[in-house]
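Please look through the structure below before reading on.

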Amino acid sequence: MSKIPTTVITGFLGAGKTTLVRHLLSHAKGKRIALIINEFGDIGVDKAVLAGCGDETCREEDMVELANGCICCTVAEDFIPTMTQLLDRPDTFDHIIIETSGLALPQPLIRAFNWPEIKSRVTVDAVVTVADAAALAEGRFASNEAAVDAQRQADAMLDHETPLGELFEDQLTAADLIVLNKTDLVTAEQLASIEAVLRAELRPGTGIIHAQNGHVDLGALLGLGLSTEDNIEQRQSHHELEHDGEGHEHDDFDSFSIRLPKVSGKDQLLATIESTIRTHDVLRLKGFAAIDGSPARLSIQAVGPRVTAYFDRPWADGETRETALVVIGEQPLDHAAITASLNGAAA
């Protein structure tokens with residue numbers, strides 16, 4: 001029996017992983033795909049965004065959500081049992097896609113494919129890291145030592161490698177392919193500079209492709225056949241070299257959810273979100289909103305101060321119309337102040 005190929009899609013918070021997965025499911029060309037989604041936070045936003053977008057290629061019952069826990073920290077408890085259950089189903093899959101949390105280190109997950117329970121039945125087709133071109137152009141975090149050193153010279157408070165920089169470095173180290181997303185938001189000169197910085201950090205042979213709104217041809221991402229789990233030792237991360245492969249903690253990050261009633265207007269809500277993010281240095285905000293007088297649900301995604309929103313579907317009959325948001329940032333987040341600020345948009 002041939003192994004089922006699995007694509008691991010990782011990347012920093014808000015880089016566009018879910019948008020990329022949605023595009024892949026919508027253009028699966030008849031492939032039967034199972035999806036494992038790992039979120040950081042207790043409101044399952046990503047599954048709600050993806051549900052139904054693939055129709056028969058990825059039915060909602062083929063989507064498994066591992067919420068409120070980093071997949072790389074819960075390999076034995078959550079990932080292996082989940083993968084075993086998928087593989088034991090009588091209806092087989094052509095491909096499996098795993099969308100990791102933006103805070104996940106990919107290496108422990110890749111190593112898990114060598115566990116006896118699943119090794120003979122599934123293989124890592126490729127590890128795809130999604131990078132946000134616009135965020136990199138804005139210098140929101142450093143991706144190499146030279147950039148960190150430059151910031152050290154400017155600010156003595158940065159006399160160490162930041163958690164965000166280390167996380168991004170580890171995601172680059174694990175990658176077989178980089179999807180440099182949101183290239184429409186940067187100039188040609190910025191894009192060339194970003195790509196040069198990335199290539200200096202990547203292992204030889206790692207590919208880079210450009211994307212806008214996560215639109216990448218299916219053939220460029222699926223069916224690469226790299227069996228990445230067989231050469232994991234060639235991509236040791238900064239973290240693993242420093243901690244000898246031991247598990248990591250997410251004490252550097254904080255996440256909480258907030259629920260609001262209907263809000264009076266879309267523009268007021270988005271302005272309040274942007275102001276709150278700037279004031280409290282929120283890294284990532286995502287969720288859904290009920291706008292007073294609107295029959296449709298507003299989907300919201302924010303990376304730093306950039307906020308995007310669109311009405312994704314009508315509210316279902318009997319569905320509670322409320323605003324549910326997940327807030328993610330570095331420790332410590334002021335939960336009370338952020339909640340009070342966002343409540344200012346309530347109708």
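What pLDDT does the protein chain average? In this predicted model the average is 77, and 75% of the residues score at least 70. Confidence is highest in strand 6 (residues 177-181), with a mean of 94, and lowest in helix 6 (residues 145-154), where the mean is 38. Over residues 40-50 the pLDDT stays under 50, although the model has 53 contacts beyond four places in sequence for them. Where pLDDT is low, the predicted coordinates should not be read in detail.

The protein chain contains twelve helices and twelve strands, and of its 347 residues 52% are buried. Among contacts between residues at least 6 apart in sequence, 80% join residues at least 24 apart.

Eleven salt bridges are found in the whole structure. Glu 195 and Arg 199 form one of them, with their closest N and O atoms 3.1 Å apart; because these residues are four apart in helix 8 (residues 188-201), about one helical turn separates them. Glu 195 is buried, at 17% relative accessible area, whereas Arg 199 is partly exposed at 43%.

Another salt bridge joins Arg 259 to Glu 322, the closest N and O atoms being 2.7 Å apart. Since Arg 259 lies in strand 8 (residues 253-260) and Glu 322 in the loop between strand 11 (306-314) and strand 12 (323-330), the pair ties together parts that are 63 residues apart in sequence. Arg 259 counts as exposed, at 52% relative accessibility, while Glu 322 is partly exposed at 24%.

Methods:
Residues numbered from 1 in each chain as written. Predicted model: local features only at pLDDT ≥ 70, side-chain atom pairs only at ≥ 80, totals over all residues. Heavy atoms only, no water. pLDDT = per-residue confidence, 0-100. Helix = DSSP H or I, 4+ residues; strand = E, 2+ residues; numbered from the N terminus. Contact = heavy atoms within 4.5 Å. Buried < 20%, exposed > 50% of the residue type's maximum accessible area, 1.4 Å probe, protein only. Salt bridge = Lys/Arg side-chain N within 4 Å of Asp/Glu carboxyl O.
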